[in-house]
Amino acid sequence: MNLEKLLSSPHKRFNPLLREWVLVSPQRMQRPWQGEVAKLPSGPSVPYDPDCYLCPGNQRAGGKQTPKYSGTYAFDNDFPALLPEREQQEYEHDGLLVAQTDCGICRVLCFSPRHDLTIPRMNSQELRGMIDAWTEQFSSLAEIPWVRHVQIFENRGELMGASNPHPHCQIWANATLPNLPARENESLRAHHAEKHSCLLCDYLRLELQRNERVVCQNHAFAVLVPFWAVWPFETLLLSKRHIASIDQLNSDERDLLGDILRRITIRYDNLFETTFPYSMGFHQRPTDGQLHEAWHLHAHYFPPLLRSATVRKFMVGYELLASPQRDLTPESAAVRLCEISETHYLDRSASKKHS
Ligand code: H2U
Ligand code: ZN
């Protein structure tokens, strides 16, 4: 088997978490980097915005008041996608028209009272506060008997549909497993049943040994460009210890999660010297009271930018109709992310000005 030859011409790679294929066409972008860097305007620049729904003391769109909070602030979404505890109803017609009630709770969590303080520029204490708040939200929602899944996710930047630049995430907890966690659940369980080991522990070991796609790591976490990445600079964040959810992290690991989140997002912002847009989120064990030994805590970063702050990837054409496809190889993306400094570009220019 000539792996290099196979991987340097069009080929498909298997995603063992979703059990689907991605088409890779490296000949369409031999060089890891091409073209000019056009800059997008930077993200929020003022610490307080009187028109922001999420800044302390301001009135929200639904009429409620955001309190004068310090640290983090969680509230029930004023425009929730799911509603709690409804009467369960089912509809089915010839197996073709199928619907059922799904109930849930939607929350918003502000990371900081500061409108302009995004994850890559938060200090360790601020990051720890955010992670403690995620853990609290996860644990309290997981305890509700009918909640079987808790999704923590962050939409960053207008390009990814974030409705507000104030640093925040959303948390949706619901009564059934959503599509993608359900597919991952099947894959993790099948691997565990067949090999008596964890799919993601096995995968992480392989990636750390090969060191071709690892971007950064500390004692508790690693971030890598997965072999099967679809988005240009997609990464996967994995805990090194086999744990299934953030509530199982010890105190050191919570600090190290903050460290790794900061480092990968600094690299992202530095890539095009912009507030790098992405959707990210954690995948954790279902919260149905079962043990879920096969589960492994991880997070996915799905950023749309490709060549510059204005050239983005769209999932269109072949990807909507047939299969995801990429030109930039995951290995080239990893090299590019590895080469980048872990000092945020905004802090670099500030220290230059002061010196
Ligand atoms: P996104 O930026 O990811 O869209 O998240 C912001 C959420 O905040 C969004 O779901 C909610 C929106 O419904 N929101 C409120 O609950 N109250 C408001 O006053 C504005 C926005
Ligand atoms: Zn704000």
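Guide: A residue is buried under 20% relative accessible area, exposed over 50%, and partly exposed in between (1.4 Å probe, protein chains only). This is a predicted model, in which local features need pLDDT of at least 70 and side-chain atom pairs count only at pLDDT 80 or more, while totals for chains, interfaces and linings use all residues. Residues are numbered from 1 along each chain as its sequence is written, and side-chain values use heavy atoms, without hydrogens and water.

Visitor: Why is glutamate 273 called partly exposed?

Guide: Its relative accessibility is 30%, so glutamate 273 counts as partly exposed.

Visitor: Where does glutamate 273 lie?

Guide: Glutamate 273 is in the loop between helix H5 (251–271) and strand E12 (278–283). Helices (H or I, at least four residues) and strands (E, at least two) are DSSP runs, numbered from the N terminus.

Visitor: What is the phi of glutamate 273?

Guide: The phi of glutamate 273 is about 45 degrees, a positive value, although this residue is not a glycine. Most residues other than glycine have a negative phi. Arginine 19 also has a positive phi, near 50 degrees.

Visitor: Why does arginine 19 count as partly exposed?

Guide: Arginine 19 has 44% relative accessibility and therefore counts as partly exposed. Arginine 19 belongs to the loop between strand E1 (11–15) and strand E2 (20–24).

Visitor: Which residues does leucine 237 touch?

Guide: Leaving out residues up to four places away in sequence, leucine 237 touches residues including Phe221, Leu257 and Tyr301. Contact means heavy atoms within 4.5 Å.

Notes: Chains lettered and ligands numbered in written order.
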